[in-house]
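Me: Please take a close look at one loop of this model, and then go on to the other local features that can be described. A plain account will do.

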Amino acid sequence: RDSGVHEYTHAVIQHSSGLGTKGEPGSLNESLSDIMAHMAATTNGDTGWLQSEDSSAATNPTAAKAAAGCQKAIRDLSNPSCSQSWAPNHYSQFIPGGGKIALHENGQIHSYAAYLLTEGGQVNGYDMKSGIGAGKANGLYFYVIFSSGLVPSSDFMSARNAIVNCAKNLGNCGQSGFTYNDACIVQNAYA
C-alpha cells in the first residue's frame, strides 16, 4: 500500500514542482514520496516509519541488524542504518554520485529529519524530547509539496528552508495549532 502512495506522489511532485529525478533534487523527490507514503499510512492507524515492509522486495535484516531492533522493510525512515543498504541520516554523510541506489539512500537524510520533527529523538547529540506530532507534520509536508515554491532544481537546503519558514510563519500566526516552540522543533530537526 505505501509503495503505491510513494509512486503516486512522484506523479504529484512532477506536476506540482517538477522536482528533478537526479542528484539532490532526485533524492529529495524520493524522500518526499516516502514521507507522503508514511502520512497516508498514519491515516489508517499505522504509526511505524517503515517503507514497503510488505513488499516482496523487502528482505529480513541481518542478525546484527535484527539484534539492534531493525525490522523487515526496504527503508526505515526512523533509523536509516536499518535500511536494506546503509543510508546516511545527516547531510554530512551525503553519498556523492548518482544512480538509483544513491538517490534512495541520500533521500533518507531528509526523511530522517521528517521523523525527528514529528516524533523527536537524537540529532547531532541534541535530545529533541518531543516532535510536533503527525497531524502538524502532515500538514507541513503537504504544504511544501503543493505550494512552497520547490522547483526542478531544488536541493535539500531549499526544502529545509521552505519547511522551516513555513513552520515559523504558522508559529508566528498560531495557525493550524502551531506554536513558536513547534517552529523551533522543526528547525532543530534539520540541524
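**A loop serine, and what follows from it**

Reply: Serine 176 sits in the loop between helix H6 (156-173) and helix H7 (180-189). The model is a predicted one. The backbone of serine 176 has a positive phi of about 55°, although the residue is not a glycine. With a relative accessible area of 61%, serine 176 is above the 50% cut-off, so it counts as exposed.

A positive phi also occurs at serine 52, where the angle is near 60°, again in a residue other than glycine. Serine 52 is placed in the loop between strand E1 (50-51) and H3. The relative accessible area of serine 52 is 5%, which is under 20%, and therefore this serine is buried.

The cysteines come next. The structure has 1 disulfide. It is formed by cysteine 70 and cysteine 82, whose sulfur atoms lie 1.9 Å apart. Cysteine 70 belongs to the loop between helix H3 (63-67) and strand E2 (75-76), and cysteine 82 to the loop between E2 and helix H4 (100-119), so the pair ties together parts that are 12 residues apart in sequence. The torsion about the S-S bond of cysteine 70 and cysteine 82 is about -70°, and the disulfide is therefore left-handed. Cysteine 70 and cysteine 82 are both buried.

Cysteine 166 takes part in no disulfide, and the nearest cysteine sulfur, belonging to cysteine 173, is 10 Å away. Cysteine 166 is buried, at a relative accessible area of 10%. Cysteine 184 is likewise in no disulfide; its nearest cysteine sulfur is that of cysteine 166, 15 Å away. Cysteine 184 has a relative accessible area of 26% and is partly exposed, because this value falls between the 20% and 50% limits.

Searching the whole structure gives 2 cavities of 30 Å³ or more. The largest cavity holds about 50 Å³ of space. Its lining consists of Ile35, His38, Met39, Trp49, Ala114, Thr118, Ala134, Ala137, Asn138 and Tyr141. Helix H2 (23-42), H4 and helix H5 (134-147) are the elements that give two or more residues to this lining. H5 contributes the most to the lining of the largest cavity, with 4 residues. Sorted by class, the lining of the largest cavity has 7 nonpolar and 3 polar residues, and no charged ones.

The second largest cavity has a volume of about 30 Å³. It is lined by 10 residues, of which Gly23, Ser27, Gly97, Leu103 and Asn106 are the closest to its centre. H2 and H4 each supply at least two residues of the lining of this second cavity. H4 gives the most to it, with 3 residues. The lining of the second largest cavity divides into 4 nonpolar and 6 polar residues, with no charged residue.

Note on methods
Residues are numbered from 1 along each chain as its sequence is written. This is a predicted model: local features need pLDDT of at least 70, side-chain atom pairs count only at pLDDT 80 or more; totals for chains, interfaces and linings use all residues. Side-chain values use heavy atoms; hydrogens and water are left out. A disulfide is a pair of cysteine sulfur atoms within 2.5 Å. Buried means under 20% relative accessible area, exposed over 50%, partly exposed in between (1.4 Å probe, protein chains only). On a 1 Å grid over the protein atoms alone, a cavity is a set of points where a 1.4 Å probe fits but cannot get out, and a pocket is an open set with protein on both sides within 12 Å along at least five of seven lines; lining residues have an atom within 4 Å of a point. Grid points are joined across faces, edges and corners, and a volume is the space filled by probe spheres set on the points. Ala, Val, Leu, Ile, Met, Phe, Trp, Tyr, Cys and Pro count as nonpolar, Asp, Glu, Lys and Arg as charged, and the others, Gly among them, as polar.
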